[in-house]
Amino acid sequence: GARPPLPAPLPRLRAEIRASAPGRYRYYQNACTQSYSYAWWDWARWEREIDWMALSGINLAPAFVGQEVAWQRVYRSLGLNQSEIDAYFTGPAFLAWNRMGNLHGWGGPRGPVLILNPDPHLCPRVFPRVNATRLGGWSHFDCTYSCTYLLDPEDPMFQVIGTLFLKELIKEFGTDHIYSADTFNEMTPLSSDPAYLSRVSNAVFRSMTGADPEALWLMQGWLFQHQPDFWQPAQVRALLRGVPLGRMIVLDLFAESKPVYQWTESFYGQPFIWCMLHNFGGNHGLFGTVEAINHGPFAARSFPNSTMVGTGLVPEGIEQNDMVYELMNELGWRHEPLDLPSWVTRYAERRYGAPNAAAASAWRLLLRSVYNCTGVCVNHNRSPLVRRPSLRMDTELWYNASDVYEAWRLLLSAGAELGSSPTFRYDLVDVTRQAAQQLVSDYYLSIRRAFQSHALPELLTAGGVLGYEPL
C-alpha cells in the first residue's frame with residue numbers, strides 16, 4: 001500500500017533501542033477473518049500482511065491456509081474415495097465455518113475441503129462401526145449443510161484421525177508446537193456433564209500430543225460468552241481442566257466488551273490472551289472502544305492469580321479503522337495506559353508524514369466520540385446507507401454526531417497541506433462516509449416519521465420528491 005513521505009536520507013540511529021513487552025504473546029487473527037477478508041488473497045497480498053505483522057510486533061498468528069490438503073491426504077489414506085470426501089466441501093469463502101465444524105457442502109465451487117469428523121451415514125463402507133453422534137444445526141442452516149457428526153472422544157478412531165492429521169501437517173509445514181482447535185464453536189455439546197466435557201478436551205489434547213509431545217492447544221474462548229446458559233462455571237472448568245495446566249492457551253476473544261477471565265477465575269489456571277475483537281462480519285464504518293482497550297489489558301494483568309500471557313487482535317474482518325489496531329498493537333508493549341489525546345495527536349503526524357493542527361484536532365474529536373463506545377458495543381454500524389432498510393431500524397448513535405461533522409470539516413481544511421498524502425486521502429474518505437451515514441440516518445427518521453403519521457406532504461419532502469418538475 002501507499003506510504004507517507006519519508007525523510008531522505010533516513011535519520012541515523014545513534015543508540016541502541018530496546019523494548020520489552022509485559023506479555024509473551026502478541027496475537028493476530030480470528031478464525032473468521034480467513035473467510036471475511038482473506039478468501040481471495042494471492043501471495044503478494046499475504047506477503048504485505050506478513051510484513052505488517054512483523055513490523056507490528058506480532059509473534060503468534062495461525063496459518064490456516066493449506067490445511068485442507070492435509071485433511072484430504074489423511075482421509076484418502078483411511079480408505080475414503082474422492083466423492084465421499086467431496087461431500088463435505090465448502091467454497092473458499094466459507095472455509096472458516098467448515099473448519100470449525102459449522103458447515104459442510106455450502107457455497108461451492110467444490111475444492112479439497114472437509115471437516116474433521118466423518119459422517120457415518122455417508123461413509124459406512126469405511127467406518128461401519130464408528131461411534132459418532134449428531135450435533136444440532138448452526139445459525140439458520142438446516143441439517144443439509146449443518147448438524148456436524150462428532151466422533152466420540154473415546155472411539156479409537158478419534159486418536160487415529162487427529163494424530164494422522166497433525167503428523168501430515170507437521171511433515172508439510174514444520175511446527176512451532178501450537179495448534180488451533182475449536183470443537184464447540186457456536187455448537188452445543190451433546191451433554192453438559194462435566195465429566196463428558198473433560199473427556200472431550202482431553203481426547204483432543206491427546207490427539208495433539210500423539211503427533212507432537214510438546215503440543216500446546218490454542219482455543220478461541222468465544223464459546224463461553226456466546227452460549228453462557230450452557231457454559232456455566234462447572235462446564236467451563238471441566239473443558240479447560242481436561243488439559244494439563246499450561247498446555248492450553250485460551251483467547252479471551254471479546255475481552256474489550258465481554259471478558260471471560262473475570263468470571264472464570266482467570267480461566268481456571270490456563271494461560272489466556274486478552275483480545276480485542278472490534279469488528280464483526282467485516283462491517284465498515286468508524287468505530288472503536290479506546291478507553292476499554294486502554295485499560296482492559298492492564299486490569300486483566302493485575303487480576304488476582306492472573307494467567308494472562310499477552311494481548312491480541314482478533315477482528316472478524318480487517319482493512320478498516322487502522323487507528324484502533326495501531327493503538328492495540330502499541331498497548332501490547334506498554335506497562336500502563338496511554339494518554340490517548342497525546343497519542344492520537346502523534347498518530348496523525350506519523351500517519352500523514354507532517355504535523356497539522358487541523359488534522360490533529362480532527363483526530364482528537366474522533367477519539368472522544370465515534371472511537372469511544374462504552375459498555376457492550378455490538379452491531380454498531382446500523383445506518384440505512386450500509387444496511388438493508390426497514391421500518392424497524394435502530395439508528396441511535398453512541399456518540400455526539402456533531403463531533404464527526406466538525407472532524408470532517410477540519411480534515412477538509414487540512415487538504416491543502418496534506419492532500420498529497422495517500423493515508424490522509426483514505427481517512428478523509430472514511431470520515432466523509434461516516435458523515436454521510438449520519439445524514440442518511442436523519443433522512444431515514446424523517447421519512448419513517450412521515451410515513452407512520454400518514455403525512456404525505458412531509459413524506460414527499462423528506463424523500464426528496466417535491467421541488468422536481470415532471471418530465
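Tutor: In this predicted model, Tyr 352 has a relative accessible area of 2% and is therefore buried, since the cut-off for burial is under 20%. Phe 424 also has a relative accessibility of 2%, so it too counts as buried.

The structure holds 27 aromatic pairs. A pair of aromatic rings is described by the distance of the centres and the angle of the planes. For Trp 106 and Phe 141, the ring centres are 4.9 Å apart and the planes stand at 80 degrees; because planes over 60 degrees apart count as edge-to-face, this pair falls in that class. The pair links distant parts of the chain, 35 residues apart. Trp 106 belongs to the loop between α5 (95-99) and β2 (132-134), whereas Phe 141 belongs to the loop between β2 and β3 (149-151). Trp 106 has a relative accessibility of 30% and so counts as partly exposed. Phe 141, with a relative accessible area of 23%, is likewise partly exposed.

Tyr 352 is located in helix α13 (residues 340-352) and Phe 424 in helix α17 (residues 422-452), so the pair ties together parts that are 72 residues apart in sequence.

Ring pairs join Trp 106 and Phe 141 with Tyr 36, Phe 94, Trp 97, Trp 138 and Tyr 145 into a cluster. Phe 94 lies 12 residues from Trp 106 along the chain, and the C-alpha atoms of these two residues are separated by 7.4 Å. When neighbours within four places in sequence are left aside, Trp 106 is in contact with Phe 89, Thr 90, Gly 91, Phe 94, Phe 141 and Tyr 145.

Arg 26 lies over the face of Trp 333, at 4.2 Å from the ring centre. Arg 45 is placed over the face of Trp 41, at 4.0 Å from the ring centre.

Methods:
Residues numbered from 1 in each chain as written. Predicted model: local features only at pLDDT ≥ 70, side-chain atom pairs only at ≥ 80, totals over all residues. Heavy atoms only, no water. Phe/Tyr/Trp six-rings, centres within 6.5 Å; stacked < 30°, edge-to-face > 60°. Helix = DSSP H or I, 4+ residues; strand = E, 2+ residues; numbered from the N terminus. Buried < 20%, exposed > 50% of the residue type's maximum accessible area, 1.4 Å probe, protein only. Lys NZ or Arg CZ within 6 Å of the ring centre and 35° of its normal. Contact = heavy atoms within 4.5 Å.
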